[in-house]
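Subject: A structure to look at

Hi there,

Here is the structure I promised to pass on. Have a look at it first, and then read on for what turned up.

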Amino acid sequence: MPEKDEPSLSDLFPESSRLLLTGGGKEFIERIGVEATRRVIHHVMMGENLRQQTEPLTRRRVAQISGAMVTLFARGCLGIENFTDSLSDIAVEQLRANKTDKAVVWPAQWLIGLTGKSVQNVLRSKADALENYISDFESAVEEAAEKCREDMGHLKMTLGFMEDSEGRKAELDWKDITRLTTAIGAQTLAIRGSDKSIYGKLFERLILGSFLTILGFERVNPATNTKDASVFWLSDSSDLRESDATLLVQRGKLARFDIGFIGVGNSEISKDKLSRYAREVEMAGGKSSSVTFIIVDRLPKTGKTQKAAEAIGAEIIQMSMKYWPRELAQRLGARLGIKHELQKLPDSRISDYLEGKLNAIPVQEFLVGVSQADLEQDKEMPEAEEQMAPFEDEE
């Protein structure tokens, strides 16, 4: 175990990189910029895939955090005697000391080859499973390092950029390299999984907020709103279900939106959403007619989801269609009597029209108040608490 005066993993992890592991909506905008955010919204509105648009952002984040992990490892080798041999004990100690701060929990998990998901799936979030896991993990690292020595010979990698006041450099043998690359592998899985969820949730708000603003509706806070027409709000939770946006066209006439970047392979999620919709919602003490609009990436060719939507009077829009905002505007017109110039715009004018409208929208306002906890919450399968907890004790 490390001496009390030795640095913790949190001390070794670069302070400047902590923001890459945390942050809510405001930090997201600061990271990629308002103009870059508008460009992604525009591309998605033109039928391009969100994952394709955000992949460069994810690759950059993975590379930056990989660099932070290399720095942590180099500092550990310089500052803690037998760092690699002590690493599992140091990581477990940090996990037991803090179960809530992602910037503390994640690096410790990665250094023993775990992610939030594997804590659930491999350890089943139980403390008594950790000891056996660590023993197996250490054996696997030793075997892998020995195999590398047999196949590729003895090798030392000198991290020349890390030098202490006495001129000593951090040197890694095969066991060190195996531990480091295993940590970076776990980190990559965690960051990619996190980004997939975070970007999806953020752009749900950004795209719906932008679209409804382009149509001329005003965003309001439902808790304080006094207007009874031409307003919308985002992420409404009710006793019936949660919707991503609610549009109040006029008193007694509402549209509810559920947007998700769901591909063909996950069409069952769309069908599950449909089974939970209701066509009326309580509002101001009375019943209001509500039309549901489900916006997904693509749907399978079987037609089952479309038939389920028709059965409850819902509308499904596919974002893979190039001019889907116009189609959605047209369906809003047909179902709720909304009239807007976008409905009759020719194909050749739609891209420039949407881009011009987006330039005038302060899209960052759609993310005000969106916290890290909001981004971690999975509305389909809530498991945010399990994701954060490294492991829990048996009762």
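Let me begin with Glu138, which is in contact with Ser88 and Arg179, leaving aside its neighbours within four places in sequence; contact means heavy atoms within 4.5 Å. Glu138 is found in helix H8 (residues 128-152). Helices (H or I, at least four residues) and strands (E, at least two) are DSSP runs, numbered from the N terminus. Glu138 counts as buried because its relative accessibility is 19%, where buried means under 20% relative accessible area, exposed over 50% and partly exposed in between (1.4 Å probe, protein chains only).

Before going further, some background: this is a predicted model, in which local features need pLDDT of at least 70, side-chain atom pairs count only at pLDDT 80 or more, and totals for chains, interfaces and linings use all residues. Residues are numbered from 1 along each chain as its sequence is written, and side-chain values use heavy atoms, with hydrogens and water left out.

Now to the nonpolar cores, meaning sets of buried Ala, Val, Leu, Ile, Met, Phe, Trp, Tyr and Cys residues joined through side-chain atoms within 4.5 Å. The largest has 53 residues, of which Phe203, Leu247, Phe257 and Leu332 touch the most other members. Helix H9 (residues 174-214) gives the most to this core, with 10 residues. Apart from it lies another core of 43 residues, among them Leu20, Phe73, Leu114 and Ile177.

Not counting residues up to four places away in sequence, Phe257 touches several residues, including Leu208, Leu212, Phe293, Leu328 and Leu332.

Helix H12 (residues 324-336) has 13 residues and reaches 18 Å from its first C-alpha to its last, close to the 18 Å expected at 1.5 Å a residue (the expected span is 1.5 Å times one less than the number of residues). Just after H12, Gly337 takes a positive phi of about 75°.

Finally, how does H9 meet helix H2 (residues 25-32)? The two pack at an angle of about 90°, with their axes 11 Å apart. Gly25, Phe28 and Arg31 in H2 meet Tyr199, Leu202, Phe203 and Leu206 in H9.

Enjoy exploring!

Note on methods. Axes are lines fitted to C-alpha atoms, for helices over the stretch in contact, and angles run from 0 to 180 degrees between N-to-C directions.
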